[in-house]
Amino acid sequence: MKIIETDALHIAYLDDGAHTGWPVILSHGFPYDVHAFDDVVPALVAAGARVIRPWCRGFGGTRFKSSACIRSGQQAARALDIVHLADALGLHQPVLAGFDWGGNASCAAAALWPDRFGALVSYGGYDVIDVQQQLQPAAPALERTCWYQHLFQSERGRKCLYENRQALCRLLWRDWSPGWVFDDSTYDRSAASFDNPDFVEVVIHCYRWMAGAEAGEPDLQPLENKLAQRPLITIPAVTLDSTRDPLKPDGTAHHARLFAGRHSHRSATCGHNFPQEQPDVFARAILDVKHWFTTQERGSSA
């Protein structure tokens, strides 16, 4: 594990492959961590990549620099963390790839700063949070699946997560990935990241902000206003769906209109934890968009 400093955070990350390799940032979600990509990394390194896997704010060894910092989990904050990480490491137009919170942060970063990044792989399509849409009810079956989001709106929910984070998160792993059999060591490897002292506050803020129940950081509101306009993603992108994810029952193929650059939509048989359940498919998507971006660069300079 390595640590790099940004304005607000000490970001912990893993760094695999040659430092001269083409850069890719893999971003995890809730309740997962960098080990969701353990079986994705070897194929990328073999293809010449430098693979950066940061722990999201509130997870693992990532820490806020000041007690005065808002423990924000909103999308603009997490997208900026990716930008600041890339700047601090001197990464030139890295490929972004993520799922769950990580897919959301990667999509938001790509939409807001397309010149900073080379290409995108997103599990969950155009995964930019629309707070106004979140205020509308979903189908009853999906509302039942999202019980944890409803729980987190109350102080009872905050206490439940604080006191039972390991059991609650393990339950989500099982519910969201039906058919995926993981052992205790696989879960425990990632679950250690949930012991971060800011884990509960960041998670609670994220889901309350999504539901319109808590405000975000005032300085980030202009970015959220831009994201609310649903800006097109113009860099090359592959979007991924799974066939067994109860959080995405209808898939995201209909998001294609929000991608203005070269785009491919793919699906695989798995649950929500796509990179850990289908690492070869996830890695292939990254290698493909990297090729598209490289070809595009060569064409523009010719």
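This is a predicted model: local features need pLDDT of at least 70, side-chain atom pairs count only at pLDDT 80 or more; totals for chains, interfaces and linings use all residues.

User: How is a pair of packed helices described?

Analyst: In general, two packed helices are described by the angle between their axes and the distance between those axes. Here, take helix H7 (residues 155-176) and helix H9 (residues 199-210): their axes come within 10 Å and cross at roughly 120°.

User: At what orientation does that leave H7 and H9 to each other?

Analyst: Angles of 65 to 115 degrees count as roughly perpendicular and those over 145 as roughly antiparallel, so H7 and H9 are oblique to each other. The crossing of H7 past H9 is right-handed.

User: Which residues make the contact?

Analyst: H7 contributes Glu-155, Arg-158, Leu-161, Tyr-162, Arg-165 and Cys-169, while H9 brings Phe-199, Val-200, Glu-201, Val-203, Ile-204 and Arg-208. Sorted by class, that contact holds seven nonpolar and five charged residues, with no polar ones.

User: Great. And how do I look for empty space inside?

Analyst: Rolling a probe the size of a water molecule over the atoms shows where empty space is left. Searching the whole structure turns up one cavity of 30 Å³ or more, and the largest cavity holds about 160 Å³ of space.

User: What lines the largest cavity?

Analyst: Its lining has 16 residues, with Pro-54, Cys-56, Arg-78, Asp-81 and Ile-82 nearest the centre. Strand E2 (9-16), helix H2 (75-89) and helix H3 (101-112) each supply at least two lining residues, and H2 has the largest share, with four. By class, the lining has nine nonpolar, four polar and three charged residues.

Terms used:
Residues are numbered from 1 along each chain as its sequence is written. Side-chain values use heavy atoms; hydrogens and water are left out. Axes are lines fitted to C-alpha atoms, for helices over the stretch in contact, and angles run from 0 to 180 degrees between N-to-C directions. Angles under 35 degrees count as roughly parallel, over 145 as roughly antiparallel, 65 to 115 as roughly perpendicular and the rest as oblique. A crossing is left-handed if the near helix is turned anticlockwise from the far one by less than a right angle, and right-handed if clockwise. Contact means heavy atoms within 4.5 Å. Ala, Val, Leu, Ile, Met, Phe, Trp, Tyr, Cys and Pro count as nonpolar, Asp, Glu, Lys and Arg as charged, and the others, Gly among them, as polar. On a 1 Å grid over the protein atoms alone, a cavity is a set of points where a 1.4 Å probe fits but cannot get out, and a pocket is an open set with protein on both sides within 12 Å along at least five of seven lines; lining residues have an atom within 4 Å of a point. Grid points are joined across faces, edges and corners, and a volume is the space filled by probe spheres set on the points.
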